[in-house]
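Terms are defined where they first come up.

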Amino acid sequence: MAVCLVSRTGRQHQRYDNLGRRQVVGCIPYRFKYGEDGVISGELEVLVITSQKGRAQGLMFPKGGWELDESLEQAALRESIEEAGVLGNVELELGKWNFLSKSQGTLYEGYMFPLLVKEQLELWPEKDVRQRIWVGDKIVQMSAAEAREECRHWWMKEALDILVARLTSTMEQNEEEENVMSCSLS
C-alpha cells in the first residue's frame with residue numbers, strides 16, 4: 001500500500017454536526033504480544049502517541065477531523081497513518097462522545113474505533129512531531145492499563161475500557177468454544 005507522507009491540513013473539508021460541533025475520528029491501535037514460542041500470548045498492547053507539543057502535554061490515541069470525502073472508518077485509518085505510522089484493520093465502532101476541547105473551548109463530537117495493527121511504518125507524515133509509545137527503537141512498551149493511566153482525554157479512556165471489555169469477552173468466548181470442542185472430542 002502506498003502511503004502519503006503529508007498530513008491533511010486545514011478545516012475547509014471538515015465535517016460538523018447540526019449543532020456546529022466539529023466531528024473527529026480516532027482509533028486505538030492495538031496488537032497482541034507473541035510469546036517466545038511464537039504463539040499469541042493474549043496480552044494486549046496498545047499504541048499511544050504524544051501531542052505535537054510533546055509528551056508534557058500528555059499521551060493520546062490518534063484522532064483528527066472527519067473530512068467530507070471519507071467514511072468514519074477511512075478517517076480512523078488515515079489518522080492512524082498520519083499520526084502514529086501504523087496500518088491495520090479498522091474494527092466495529094467503540095462509541096461516540098461529546099467533549100469540550102480544553103485548548104479551543106469548543107464542543108466536539110468524537111468517534112473511536114479499534115485498529116488491529118498489521119504493519120508499523122518507518123516513515124509517516126508526523127514522524128518528526130510525535131513519538132509513538134510502543135515496542136521498538138527508543139520506544140517504551142506500554143500495557144493497556146498503563147496507556148489508560150497516561151491518556152489525557154477521559155473519552156479516550158472510556159473507549160479503551162470498551163475495547164478491553166470487548167476483547168476480553170471475545171477471548172473468553174473463544175476459550176469456552178475450545179473447551180467444548182476438546183470435551184466433545186474426548
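## Strand β1 and its partners

Strand β1 is joined to strand β5 (residues 63–65) by three bridges, and the two run antiparallel. Strands here are DSSP runs of E with at least two residues, helices are runs of H or I with at least four residues, and both are numbered from the N terminus. Two strands pair if DSSP finds at least two bridges between them. Within this pairing, Val-24 has Gly-65 of β5 as its bridge partner. Strand β1 also pairs with strand β8 (residues 107–120), in this case parallel and through nine bridges. Opposite Pro-29 stands Leu-115 in β8.

Buried means under 20% relative accessible area, exposed means over 50%, and partly exposed lies in between, with a 1.4 Å probe and protein chains only.

## Basis of the model

This is a predicted model, in which local features need pLDDT of at least 70 and side-chain atom pairs count only at pLDDT 80 or more, while totals for chains, interfaces and linings use all residues. Residues are numbered from 1 along each chain as its sequence is written, and side-chain values use heavy atoms, with hydrogens and water left out.

The predictor's confidence in each residue is given as pLDDT, from 0 to 100. Its mean over the protein chain is 82, and 78% of the residues reach 70 or more. Over residues 135–141 pLDDT stays under 50; for this stretch the model has 15 contacts beyond four places in sequence. A contact means heavy atoms within 4.5 Å.

## Overall fold

The protein chain has three helices and nine strands. Read from the N terminus, the order of elements is β-β-β-β-β-α-β-β-β-β-α-α. Of contacts between residues at least 6 apart in sequence, 66% join residues at least 24 apart.

The chain has 186 residues, of which 42% count as buried. Its accessible surface comes to about 10,700 Å², with 51% belonging to carbon and sulfur atoms. These areas come from the Shrake-Rupley method with a 1.4 Å probe; for residues, only the protein chains shown count as cover.

## Nonpolar core

A nonpolar core is a set of buried Ala, Val, Leu, Ile, Met, Phe, Trp, Tyr and Cys residues joined through side-chain atoms within 4.5 Å. The largest one holds 40 residues, and those touching the most other members are Ile-28, Tyr-30, Val-46, Phe-61 and Met-112. Strand β8 gives the largest share of this core, seven residues.

Beyond its neighbours within four places in sequence, Ile-28 is in contact with residues including Val-46, Phe-61, Met-112, Leu-115, Met-156 and Leu-163.

## Salt bridges

A salt bridge is a side-chain nitrogen of Lys or Arg within 4 Å of a carboxyl oxygen of Asp or Glu. The count by this rule is nine salt bridges. One of them joins the side chains of Glu-45 and Arg-31 at 2.9 Å, N to O. This pair links distant parts of the chain, with Glu-45 in strand β2 (residues 40–46) and Arg-31 in strand β1, 14 residues apart. Glu-45 is buried at a relative accessible area of 5%, whereas Arg-31 is partly exposed at 22%.

Arg-130 forms a salt bridge with Glu-83, with the closest N and O atoms 3.3 Å apart. Because Arg-130 lies in the loop between β8 and β9 (132–133) and Glu-83 in helix α1 (residues 72–84), the pair ties together parts 47 residues apart in sequence. Arg-130 also forms a salt bridge with Glu-126, where the closest N and O atoms are 2.5 Å apart. Relative accessible area is 12% for Arg-130 and 8% for Glu-126, and Glu-83 is buried as well.

Asp-17, Arg-21, Lys-96 and Glu-109 are linked in a network of salt bridges. Lys-96 lies in strand β7 (residues 95–100) and is partly exposed at 47% relative accessibility. Leaving aside neighbours within four places in sequence, Lys-96 is in contact with Glu-109, Gly-110 and Tyr-111. Lys-96 and Ala-159 are 63 residues apart in sequence, with a C-alpha to C-alpha separation of 8.9 Å.

Glu-146 is placed in helix α2 (residues 144–150) and is partly exposed, at a relative accessible area of 43%. Glu-146 and Val-46 are 100 residues apart in sequence and 9.4 Å apart in space, C-alpha to C-alpha.
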